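This report describes selected contacts and surfaces of one protein chain. Please have the sequence and the model at hand while reading.

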Amino acid sequence: MTLNKNQLTILFILIAFTFSFAVRLIWVDEFKDVEQFKFNSEFMINTNDGYYYAEGARDILSGTTQANDLSPVSSAGSIFTAFIAKIVPFSFETIIFYMPAFFASLLVIPIILIGRNIEKLEVGFIAALIGSIAWSYYNRTMVGYYDTDFLNIVFPTFLLWSLVLAEQTREDKYLLFTALDIIAYRWWYPQSYSLEFAFFGLILAYTIYQYIKKQDTSYSLQLVTIMLLAMSQLDITLRVLFVFGFFIIFRQENFHKYLLLALFSAFGLFFISGGFDPIWGQLKGYVFKDAILVSGTDLKLNFFSVMQTVREAGQIPFETFANRISGHPITFILSVIGYIWLSIKHPVVLLGLPMIGLGFLAYSGGLRFTVYAVPVLALGIAFLIVEIGNFIKNNSLKYIFVATLTIFVLIPNIQHVVNYKVPTVFTKDEVLVLDKLKSIADREDYVVGWWDYGYPIRYYADVKTLSDGGKHSGSVNFPVSFALTNHQLPAAKMLRLDVEYTEAAYKMQSNNPKRNRTNIANMTLDYGLKDTNHFLAALQLDIKLPAKTRDIYLYLPNRLMSIYPTVTLFSNLDLMSGKKGTQPFFYKSTVFKESATSIDLGNTIKLNKQTGKIEIVGKEYPIKNFVKTFYDTKGVLQKQLQTLNPSGNLNVIFMQNYNQFLVVDNKVYNSLYVQLFVLENYDKNLFEPTILSPLAKVYRLKI
């Protein structure tokens, strides 16, 4: 039976979708027996940000929200998830775990349709197979990677398809498709503005070209107009109404009389509603140092920016860049060649340049952007394979050749999938701590932990947090970093101050100048000081704290050990001058070799058992304290302390059950984190233990 074009298109879509989804199940098969990746017998997700949308969806479904808890009940991701949860007969955890694999696989539809519309359906099919599992696209859409990413490339690829059809057919319906896609994309992912504007810029440039060449610009002007309306900063309902209104006008016989008026009206609405504001807002997010001038004062504070610590924001090697887009550097180069050839044959695919441009930004701007180039360059390599195959006259040999090359391109991507063994955000035992805390803490209480853990803390413990994956500017991170890395007394005071000031800020009127200041700035000024260093020093003294309105719990996980040096960066600086302090010494070793006379901790650090000194890069230093910790048969932490040199500045801690050594200076040794998590030496006047487990410990603040 011979299939017609529509039937073949549907068949290709079904095959490509099934392939994409099935490849993502490799992770499930790999970890199906790992119980630590499951909670209540359900797989947990493997991205921190996913817990943000899960929290919002959970609260939408339960109808329980509270003031100032940061639950994203109005976010698109949460609303969409709650809707899906209401209509499908699966548990909530199953839904959020498999949603990325299912919806990300929809990418095959626009890719295949683009191939179909340039009369190269087989190109679209091959591109769909490759693009749907390419490194960076798989990484951000695998099972468990529950985030907006699972539609963040689907929407712009559909937009590309719509623009291709609009310019090819000049049919009115594609004006509407384009506008509605932009509106939906913006609703789903507000940061989409830059890519939308790039698409708009290409259409505008083409319209100007048509005008210069004295070609008919009527349709292009309609497209420019309706894209402007969809891209405006008006409320989503108004944008939909304006789009449909103008679409109806464009379908009238004499609409040409009003085309310029419609265009100028759209430009007016675009600029009045905000115009370029979103782009400027995004650019501000990529500064590397936060300097905040406190309103109404001459107090200027300098904070450390989180962008300096995020791997995704840094430059990446070419090989990594190429692998993430095409699976292999050679495939990447061939994909670029194929795209150039495809553009020569079908210039309309030049509309894909914005996605390629944003993807190439990754080479200097960070690996997170590579995913945008995947669909378009997948079309490039697919076109190259098919066109080379067309030189073979024998059909059987041609199909074998095309299939073989396609498999060769797919192999490195599938190998990556097999080797990409990403764990869940938390293990089962860590989640059990938060689940227990949920029954202890009130929903209005705060659980303070590092921002990486903010979303899962809120999801599992159903409490409030100071920082999370979306709220982690230098000014927000400073108090938490200060508390974790300082002595218990100033740390305890900072915790109470930061929580009470955060709650007070929520209740302030928008015109209150305090609301535009950071908590640290308000604290400094409220205590009658103009130098934040003086305020921080005063925390050692007997200062009056705000009235206690709620309980505060400290969440101290073992996993924080791996990022402790990073945590210190946010408070180890002079806020007045921005000058960084000397980085405290912190070294963790989990791979060591013991001999009769020494213990080699790696990285040129060696513990001399005979002299009681530690050698670092060939130089010996006295050890102040040597501590051995271990859990007894009842699960209670025991400590054996030897003070070897009271005047020393380095301390060695052997955590027997963790099979790891810590080498830390006195500042780190006396920090809240080391004293409370590693040693369980807590000041009984300031803290009380709530949950003590080897993987995470929770303390309640008593002041």
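This is a predicted model: local features need pLDDT of at least 70, side-chain atom pairs count only at pLDDT 80 or more; totals for chains, interfaces and linings use all residues.

## Strands around β14

Strand β14 spans residues 650–655, and six of its six residues are buried, so the strand is largely enclosed by the rest of the structure. L650, V652 and F654 point one way from β14, while N651, I653 and M655 point the other way. Both sets are buried.

β14 has two strand partners described here. With strand β12 (residues 619–631) the pairing is parallel, over six bridges, and T629 stands opposite M655 of β14. With strand β15 (residues 660–665) the pairing is antiparallel, also over six bridges; here L650 has D665 as its bridge partner. β14 and β15 make a hairpin with four residues between them, and N659 in that turn has a positive phi of about 55°.

β12 also pairs with strand β13 (residues 637–643), in the antiparallel sense and over seven bridges. T629, which stands opposite M655 in β14, has K639 as its bridge partner in β13. The β12–β13 hairpin has five residues between its strands, and G635 in the turn has a positive phi of about 80°.

## A nonpolar surface patch

Six residues, F318, I330, I333, L334, I337 and Y363, form a nonpolar patch on the surface, with about 530 Å² of accessible area together. Helix α18 (residues 329–345) gives the most to this patch, with four residues. I333 lies in helix α18, and this residue counts as partly exposed because its relative accessibility is 45%, between the limits of 20% and 50%.

## Aromatic contacts

The whole structure contains 61 aromatic pairs. One of them joins F321 and Y363 in a tilted arrangement, with 5.3 Å from centre to centre and 55° between the planes. The pair links distant parts of the chain, since F321 is in helix α17 (residues 318–326) and Y363 in helix α20 (residues 362–365), 42 residues apart. F321 is buried at 4% relative accessibility, whereas Y363, a member of the nonpolar patch, is partly exposed at 37%.

Elsewhere, F17, F80, F102, F103, Y146, F150, W187 and W188 form one aromatic cluster. Charged groups also sit over rings: the charged end of R368 lies over the ring of F369, 5.6 Å from its centre, and that of K697 over the ring of F677, 4.7 Å from its centre.

## Salt bridges

The structure holds 26 salt bridges. In the one between E171 and K173, the closest N and O atoms are 3.5 Å apart. E171 is partly exposed, with a relative accessible area of 33%, and K173 is partly exposed at 41%.

R251 and D172 meet in a salt bridge with an N to O distance of 3.7 Å. R251 is in the loop between α14 (236–250) and α15 (259–272) and D172 is in helix α11 (residues 172–188), so the pair ties together parts 79 residues apart in sequence. R251 counts as exposed at 52% relative accessibility, while D172 is partly exposed with 24%.

R700 and E688 form a salt bridge whose closest N and O atoms are 2.8 Å apart. This pair links R700 in strand β17 (residues 696–701) with E688 in strand β16 (residues 687–692), twelve residues apart. R700 is buried, with a relative accessible area of 16%; E688 is partly exposed, with 29%. A network of salt bridges links R58, D59, R443 and D462.

Note on methods
Residues are numbered from 1 along each chain as its sequence is written. Side-chain values use heavy atoms; hydrogens and water are left out. Patches are made of residues with over 30% relative accessible area and no salt bridge: like charges are joined within 9 Å, nonpolar side chains (Val, Leu, Ile, Met, Phe, Trp, Tyr) within 5 Å. Accessible areas come from the Shrake-Rupley method with a 1.4 Å probe; for residues, only the protein chains shown count as cover. A salt bridge is a side-chain nitrogen of Lys or Arg within 4 Å of a carboxyl oxygen of Asp or Glu. Buried means under 20% relative accessible area, exposed over 50%, partly exposed in between (1.4 Å probe, protein chains only). Rings of Phe, Tyr and Trp (its six-membered ring) pair if their centres lie within 6.5 Å; planes under 30 degrees apart count as stacked, over 60 as edge-to-face and the rest as tilted. A charge sits over a ring if NZ of Lys or CZ of Arg is within 6 Å of the ring centre and within 35 degrees of the ring normal. Two strands pair if DSSP finds at least two bridges between them.
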